[in-house]
Amino acid sequence: MTDFAPDLRGECEENGYVFPAYRDRCFADATESALSLLSSEFDRNLPDDTFGDFSDDVENVVLLVVDGFGLDQWTRLSDDLPLLDAFETAGTVTPLTSTYPSETAAAITTLHTGLLPAEHGLLGWHQYLDSVGESVQTLPFLLEDGTPVREEYPLADPRELFEGEAIYGDAETAGIDTHVTQPEHIAGSVSSELTTAGAETHGYWNVADMAVTVRDAVVEGGPTHVTAYVPNVDSISHVTGTEADRYDAQVRMVTEAFRTGFLDKLDSETAGETAVLLTADHGHTNVDEGLAVDLSVSEVQDYFVRNDDGEPIQPTGGPRNVQFHVRDGRVEELRSHVETEAGGDVLTLTEAEYRDRGLFGSNHAEASATFDRRAPDLLAVHRDHVMWYEPDDKIGVHGGMAPEEMLVPFAAARASDLQN
């Protein structure tokens with residue numbers, strides 16, 4: 001691995017919290033920078049050293065996004081897994097930061113649109129929608145109890161989830177054939193239809209099917225860009241954490257399926273003109289089960305803004321990315337309470353403070369009306385635990401600013417070099 005990780009941490013880390021390196025070394029720029037290999041219409045915001053020595057003869061780009069596969073785990077497993085070892089030997093591997101929050105909902109929306117969270121305005125897995133008057137689970141478009149939003153609110157518009165459009169329409173206009181492969185149940189979701197608009201989408205049954213689907217797309221002829229999204233590693237991390245045998249087995253299954261189903265079966269001519277990129281939207285940090293700060297207690301609930309029924313609006317974001325909407329004049333009181341209950345192991349930022357720091361990207365792009373409307377009055381990120389208003393039994397978690405969550409790999413190599 002090219003050893004930029006200490007430098008990146010030195011530039012972005014403060015007291016154990018890593019801030020995003022937007023427009024420098026951030027996952028937010030992965031798709032547009034990948035498309036820049038195929039067309040000058042797209043900016044390459046990632047530095048050239050993240051790509052190594054790709055010349056102008058690249059006809060295909062495959063961007064493999066392994067949800068939740070952080071830099072720590074790449075480093076731990078790279079010697080044991082042939083695909084990772086091949087990238088280390090024949091390509092370039094450099095670190096990036098995730099977006100803030102380091103959550104799938106925000107980061108994957110950024111992946112498909114090229115917009116920073118401050119631009120698209122989707123700020124976490126749990127988001128309050130004004131049109132329905134309650135919080136929803138954003139990407140599956142479910143109410144908090146698991147009911148499909150449109151089952152309860154038939155007129156609810158998923159377009160309210162985020163601002164902006166998918167980047168793939170612009171890619172097609174630039175003459176690039178774009179494809180997105182996702183698990184079957186995700187490919188047909190209402191949020192996916194919005195974020196992947198303009199690309200040809202392919203639902204797959206398992207990672208072996210994914211690898212063959214990617215191969216079929218690139219052999220059709222270029223210029224072609226394929227985004228292959230794999231959620232399996234993130235899913236097992238939540239259940240087992242990142243240090244269990246089952247976690248390692250899941251990573252091996254994903255990487256070996258891609259190696260044997262895509263790389264090994266690709267003809268030499270196509271492999272020579274195909275760039276393969278592997279990255280992740282975020283990593284995971286492991287926590288003990290239970291809540292460090294219980295936000296359901298009446299003392300905390302009293303600080304929250306009320307809805308039309310007079311009920312407190314619960315925090316949005318997630319247990320590692322807690323976004324509070326607070327009654328007028330009570331932000332500092334709530335901040336003091338959270339900091340006391342967390343024993344000082346928490347970063348709290350008011351709206352003025354996180355805007356000034358550009359935490360969501362507002363110092364690199366103009367914030368959208370959706371972001372301005374959803375911007376929390378107070379943000380709280382625990383150093384190494386979770387805070388929420390209901391029990392949380394996940395072991396591997398993300399959304400916050402720990403190095404394990406915020407640092408991800410970005411690997412690049414020509415397919416033919418990975419085959420050798």
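In this predicted model, Val-180 stands opposite Thr-201 in strand E9. Five bridges join strand E8 to E9 (residues 200–204), and the two strands run parallel.

**Strand E8 and its partners**
- Strand E8 spans residues 177–183, and six of its seven residues are buried, so the strand is largely enclosed by the rest of the structure.
- E8 also runs parallel to strand E10 (residues 224–230), to which five bridges join it.
- Within E10, Thr-224 is the bridge partner of Asp-177.

- In soluble globular proteins, nonpolar side chains tend to be buried together.
- The largest nonpolar core contains 71 residues, of which Phe-69, Phe-87, Met-210, Phe-258, Phe-262, Leu-277 and Leu-278 touch the most other members.
- Helix H13 (residues 245–263) gives the most to this core, contributing seven residues.
- Leaving aside residues up to four places away in sequence, Met-210 touches Leu-64, Thr-181, Tyr-204, Ala-228, Val-230 and Phe-258.

**Helix H13**
- The 19 residues of H13 reach 26 Å from the first C-alpha to the last, close to the 27 Å expected at 1.5 Å a residue.
- The buried residues of H13 are Tyr-247, Gln-250, Val-251, Val-254, Thr-255, Ala-257, Phe-258, Gly-261, Phe-262 and Leu-263.
- An α-helix has 3.6 residues a turn, so residues three or four places apart point the same way.

Notes
Residues numbered from 1 in each chain as written. Predicted model: local features only at pLDDT ≥ 70, side-chain atom pairs only at ≥ 80, totals over all residues. Heavy atoms only, no water. Core = buried A, V, L, I, M, F, W, Y, C linked by side-chain atoms within 4.5 Å. Buried < 20%, exposed > 50% of the residue type's maximum accessible area, 1.4 Å probe, protein only. Helix = DSSP H or I, 4+ residues; strand = E, 2+ residues; numbered from the N terminus. Contact = heavy atoms within 4.5 Å. Expected span 1.5 Å × (residues − 1). Pairing = 2+ DSSP bridges.
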